Amino acid sequence: MSEETINYLIYDTEADAIARADIEGARRGYAYHNTPDGVSRYHTYPQKTADEKYALDVTEYDLTEDEQAAITTSVTFPTE
């Protein structure tokens, strides 16, 4: 059984990571962006890393060339 590679973009702030997740949700036409009572907003949500940054799983995102160049597949999350 093989593991799927997860692609991440790393952000210094949670707000920046959420903003990028919001852009993807809008691109996908999630309910939050289309109806007043829509609940789906993000395709993925950022997770705090061990070094106090924010990793956003962008494996299924439509990425710009700059974002593609910034992808990492290795992230350390807190063990707490």
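User: I would like to learn how to read a sheet, so in which sense do β1 and β3 pair, and over how many bridges?

Analyst: The general idea is that strands of a sheet pair through backbone hydrogen bonds, either parallel or antiparallel. In this structure, which is a predicted model, β1 and β3 pair in the antiparallel sense, and the pairing runs over 4 bridges. To see one of these bridges, look at Y8, whose bridge partner in β3 is D57.

User: In what order do the strands of the open sheet lie, and which are the edge strands?

Analyst: The open sheet is formed by 3 strands in the order β1-β3-β2, with antiparallel pairing. The edge strands are β1 and β2, each of which pairs on one side only.

User: Taking A21 as an example, where is its place, and is it buried or exposed?

Analyst: A21 has its place in helix α1, and with a relative accessibility of 0% it counts as buried. Not counting residues up to four places away in sequence, A21 touches R41, Y42, T44, L56 and Y61.

User: What is Y61 in contact with, leaving aside its neighbours within four places in sequence?

Analyst: Y61 is in contact with R20, A21, E24, R28, H43, T44 and L56. For the protein chain as a whole, residues 24 or more positions apart account for 64% of the contacts with a separation of 6 or more.

User: How many salt bridges does the structure hold, and how far apart are the closest N and O atoms in the one between D12 and K53?

Analyst: The structure holds 6 salt bridges. In the one between D12 and K53, the closest N and O atoms are 2.9 Å apart. D12 lies in the loop between β1 and α1, and K53 lies in the loop between β2 (47-48) and β3, so the pair ties together parts that are 41 residues apart in sequence. When you read such a pair, check the surroundings of both partners as well: D12 is exposed, with a relative accessible area of 56%, whereas K53, at 30% relative accessibility, counts as partly exposed.

User: Which residues are linked in a network of salt bridges?

Analyst: The network links R20, E24, R27, R28 and E67. Within it you can pick out R28 and E24, whose side chains meet in a salt bridge at 3.0 Å, N to O. R28 counts as partly exposed, with 29% relative accessibility, but E24 counts as buried at 1%. Another salt bridge joins E52 to K48, with the closest N and O atoms 3.2 Å apart, and K48 is partly exposed at 39% relative accessibility.

User: How many aromatic pairs does the structure hold, and how is such a pair described?

Analyst: A pair of aromatic rings is described by the distance of the centres and the angle of the planes. The structure holds 1 aromatic pair. The rings of Y8 and F77 have their centres 5.9 Å apart and their planes at 65 degrees, so the pair is edge-to-face. This pair links distant parts of the chain, since Y8 is in strand β1 and F77 is in the segment after α3 (65-70), 69 residues apart. Y8 is buried, with a relative accessible area of 9%, and F77 counts as partly exposed at 26% relative accessibility.

Methods. Residues numbered from 1 in each chain as written. Predicted model: local features only at pLDDT ≥ 70, side-chain atom pairs only at ≥ 80, totals over all residues. Heavy atoms only, no water. Contact = heavy atoms within 4.5 Å. Salt bridge = Lys/Arg side-chain N within 4 Å of Asp/Glu carboxyl O. Helix = DSSP H or I, 4+ residues; strand = E, 2+ residues; numbered from the N terminus. Buried < 20%, exposed > 50% of the residue type's maximum accessible area, 1.4 Å probe, protein only. Phe/Tyr/Trp six-rings, centres within 6.5 Å; stacked < 30°, edge-to-face > 60°. Pairing = 2+ DSSP bridges.
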